[in-house]
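Here is a briefing for a reader who is new to this structure. Start with the view below, then take the topics one by one.

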Amino acid sequence: INAEYMGTFSPMAAIRCETPGATSCVIFLHGLGDTGRGWQDLGSNLRLTQFNYVFPTAPVRRVTLNGGASMPAWYDLLGLDAGARDDVAGITEAIATVHGMIRSEVERGIPANRIVLGGFSQGAALALLAGLSYPVPLGGILSMSGFLQMRDRFPGHVHESQKNTPLLMLHGTADPLVPERWGALSSQFLKGHGLAVEYQTFPGLGHSASASEFEAVRSWMQKLFSLTY
């Protein structure tokens, strides 16, 4: 696997982990305050061959939720309660950027239906919105410790091409930052709009990832792409 850091944020800094002859790709979006480097071992954890992995880093911006402190963030978070407003302009811009990243992988030779768009926490929220609105069917959408924003834009936000795209949503039951209930409600909301959502919880897991989660992702991706190893 060749790991390459793609310069500065233009349009997005990204670590690429490439496998010669890869036929599929995972684009994974980190959580608030993290970077792409925080997830660059995902491929090693999943143990799947013939995959490229792309780990972009969000731009540094002020985040209202954290008292205006500057940190890598896909968009501003105004709050983490049910009544918090969404940064619609920032989310819309981030969605467009992620769509551009998907198109870049297609231009590199990976068909859209062989691309999994995933993320953790804020990155998962963005993966859901960007994936569901992409105009060409994707291979799958992965949300780890995520939640759904801009719910008032549904069902119109969902592009017709994603109506049958598999979604995997994973959440720890002991998550103190993004309560598991939010993940459950988000999955129920999406299921209510006829989307193909699989939701799994992990007892005792906080706002982090675990070997059990990686095994669930591995199994799901094996099924998506009919892998036998």
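Ser-145 is buried, because its relative accessible area of 0% is under the 20% cut-off. This serine sits in the loop between E8 and E9. The model is a predicted one.

**Around Ser-145**

**His-157, in the loop between E8 and E9**

- His-157 has its place in the loop between E8 and E9.
- Is His-157 buried or exposed? The relative accessible area of His-157 is 15%, so this residue counts as buried.
- A polar atom of the His-157 side chain lies 2.8 Å from the backbone oxygen of Leu-129.
- Leaving aside neighbours within four places in sequence, His-157 is in contact with Ile-95, Leu-129, Leu-132, Ser-133 and Met-150.

**Helix H3**

- Helix H3 spans residues 122–132 and is mostly covered.
- How many residues of H3 are buried? The count is 11 of its 11 residues.
- The buried residues of H3 include Leu-126, Leu-128, Leu-129 and Leu-132.
- Gly-123 and Gly-131 are also among the buried residues of H3.
- Which elements cover the buried residues of H3? The cover includes four strands: E3 (24–29), E7 (115–120), E8 (140–144) and E9 (167–172).
- Two helices, H2 (88–107) and H4 (180–192), are also part of that cover.

- E4 is mostly covered, with seven of its seven residues buried.
- Phe-51, Tyr-53, Phe-55 and Thr-57 point one way from E4. Asn-52, Val-54 and Pro-56 point the other way.
- In a regular strand, side chains alternate between the two faces of the sheet.
- Strand E2 (residues 13–18) runs antiparallel to E4, and five bridges join the two. Ala-14 has Pro-56 in E4 as its bridge partner.
- E3 pairs with E4 in the parallel sense, over four bridges. Ser-24 has Phe-51 in E4 as its bridge partner.

- Strands E5 (residues 60–63) and E6 (residues 69–72) run antiparallel and are joined by four bridges.
- Arg-62 stands opposite Ser-70 in E6.
- Five residues lie between E5 and E6, which form a hairpin.
- Gly-67, in the turn, has a positive phi of about 70°.

**Aromatic pairs**

- The structure holds six aromatic pairs.
- The ring centres of Phe-51 and Phe-225 are 5.6 Å apart and the planes are at 65°, so this pair is edge-to-face.
- Phe-51 lies in strand E4 (residues 51–57) and Phe-225 in the segment after helix H5 (211–224), so the pair ties together parts 174 residues apart in sequence.
- Phe-51 counts as buried at 1% relative accessibility. Phe-225 counts as buried at 7%.
- Phe-154 and Phe-189 form an edge-to-face aromatic pair, at 5.6 Å centre to centre and 80° between the planes.
- This pair links distant parts of the chain: Phe-154 is in the loop between E8 and E9, Phe-189 is in helix H4, and they are 35 residues apart.
- Phe-154 counts as buried at 9% relative accessibility, whereas Phe-189 is partly exposed at 25%.
- Ring pairs link Phe-51, Tyr-53, Phe-55 and Phe-225 into a cluster.

**The whole chain**

- The protein chain has five helices and 10 strands.
- The radius of gyration is 16 Å, close to the 17 Å that the globule rule gives for 229 residues, so the chain is as compact as a globular protein of that length.
- Along the principal axes, the C-alpha atoms fill a box of roughly 45 × 40 × 35 Å.
- Of the 229 residues, 52% are buried.
- Among contacts with a separation of 6 or more, 70% join residues 24 or more positions apart.
- The chain exposes about 9700 Å², and carbon and sulfur atoms supply 51% of it.

How values were computed: Residues are numbered from 1 along each chain as its sequence is written. Side-chain values use heavy atoms; hydrogens and water are left out. Two strands pair if DSSP finds at least two bridges between them. Buried means under 20% relative accessible area, exposed over 50%, partly exposed in between (1.4 Å probe, protein chains only). Contact means heavy atoms within 4.5 Å. Rings of Phe, Tyr and Trp (its six-membered ring) pair if their centres lie within 6.5 Å; planes under 30 degrees apart count as stacked, over 60 as edge-to-face and the rest as tilted. The radius of gyration is taken over C-alpha atoms; the globule rule is 2.2 Å times the number of residues to the power 0.38. Accessible areas come from the Shrake-Rupley method with a 1.4 Å probe; for residues, only the protein chains shown count as cover. A polar contact is a pair of N or O atoms within 3.5 Å; within protein, one must be able to donate a hydrogen and the other to accept it, and residues adjacent in sequence count only if both atoms are side-chain atoms.
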